[in-house]
Amino acid sequence: MICVLDTNILIGLLRENEKIVLKYKELNKSKIEKGITSYTIAELYEGVKRVESKKKMEGQLKILEILLKKFEKRKKIFSLTRNEAMKYAELKIILEKKGKPIPIMDLLIGTISIVNNYKLITTDKNHFQNLKDVYPSFNVEFWV
Amino acid sequence: MTQKTISLNEKAYKILRKFKGNKESYSDLIIRLCEVQEKEDKEDILLKYIGLFKDNSDYWEQVEKEIQKERNLHLTSEENK
């Protein structure tokens, strides 16, 4: 089993959010492999660029880069390939028809989890619950 | 023990030679390096990074808010925004 960690979980761990760290340590007992998506990397760097005082954070950005390289080395950075892209289109239309919009980034991350049978771990219950509603076998765990 | 012969190019040989201990054989060296790598591969990627951004928690909280704001701005269905 592979778990995909959403952006909010990754930041929560780095910031030492107590609840997230506790849950992570619990998860770690089962030696489950963890990965992230390329969309999380995009979000992290966009977020950093949008918030001022980036210069002060250069040291931390280097740490982040080392961490991302580790995920890369283990081939645990997931992206959309043909199968996921096709599923993304299908799910986007279903969500629209059901009147349950979710952020595009969430759908990209969720689709990767769905197609590969990965478990997604996130704090964002509102939107990912919409995806689970239209695709009940979507394996998602909310750390809220 | 059965011996197997492998060939190395000059570059690989020079790298290995740098790591080889005085009384260490090349077989022992390769085993030692592989064990180090194996251990590293088994280690959890994130455990030693937990809390590294704690001192700048406010900054990263802001980053997280920006990320969430951006997510909410780009929904799958325009008419339902």
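**Figure 1. Pairing of strand 4 and strand 5 of chain A in the predicted model.** Strand 4 (residues 119-122) of chain A and strand 5 of chain A pair in the parallel sense over three bridges. Strands are DSSP runs of E with at least two residues, and helices are runs of H or I with at least four residues, numbered from the N terminus; two strands count as paired if DSSP finds at least two bridges between them. Ile121(A) has Glu141(A) of strand 5 as its bridge partner. This is a predicted model, in which local features need pLDDT of at least 70 and side-chain atom pairs count only at pLDDT 80 or more, whereas totals for chains, interfaces and linings use all residues. Residues are numbered from 1 along each chain as its sequence is written, and chains are lettered from A and ligands numbered from 1 in the order in which they are written.

Figure 2. Five strands of chain A form an open sheet with parallel pairing, in the order 3-2-1-4-5. Strand 3 (77-78) and strand 5 (140-142) of chain A are the edge strands, each pairing on one side only. Strand 1 (residues 2-5) of chain A pairs in the parallel sense with strand 2 (residues 33-37) of chain A over three bridges, and Val4(A) stands opposite Gly35(A) of strand 2. Strand 1 of chain A also pairs with strand 4 of chain A, in the parallel sense and over three bridges; here Cys3(A) has Lys119(A) as its bridge partner. Helix 6 of chain A lies across strand 1, strand 2, strand 3 and strand 4 of chain A, and runs at about 150° to strand 4. Such angles run from 0 to 180 degrees between N-to-C directions, with axes fitted to C-alpha atoms, for helices over the stretch in contact.

**Figure 3. Surroundings of Glu33(A).** Glu33(A) lies in strand 2 of chain A and counts as exposed, with 12 C-beta neighbours inside 10 Å. A residue is buried if 20 or more other C-beta atoms lie within 10 Å of its own, exposed if 12 or fewer, and partly exposed in between, with C-beta atoms placed from the backbone. Leaving aside neighbours within four places in sequence, Glu33(A) is in contact with Ile2(A) and Lys76(A), contact being defined as C-beta atoms, placed from the backbone, within 7 Å. The C-alpha atoms of Glu33(A) and Val4(A) are separated by 8.7 Å, the two residues being 29 residues apart along the chain.

**Figure 4. The contact between chain A and chain B.** Chain A gives 35 residues to the contact and chain B gives 26 residues. On the side of chain A that touches chain B, two or more residues come from each of helix 1 (7-14), helix 2 (18-28), helix 3 (38-50), helix 4 (58-73), helix 5 (82-97) and helix 6 (104-116) of chain A.

Figure 5. Chain B has three helices and zero strands, running α-α-α from the N terminus. Of its 81 residues, 10% count as buried. The C-alpha atoms of chain B fill a box of roughly 70 × 35 × 25 Å along the principal axes. Helix 2 (residues 26-42) of chain B has 17 residues and reaches 24 Å from first to last C-alpha, close to the 24 Å expected at 1.5 Å times one less than its number of residues.

How values were computed. Two residues are in contact if their C-beta atoms, placed from the backbone, lie within 7 Å.
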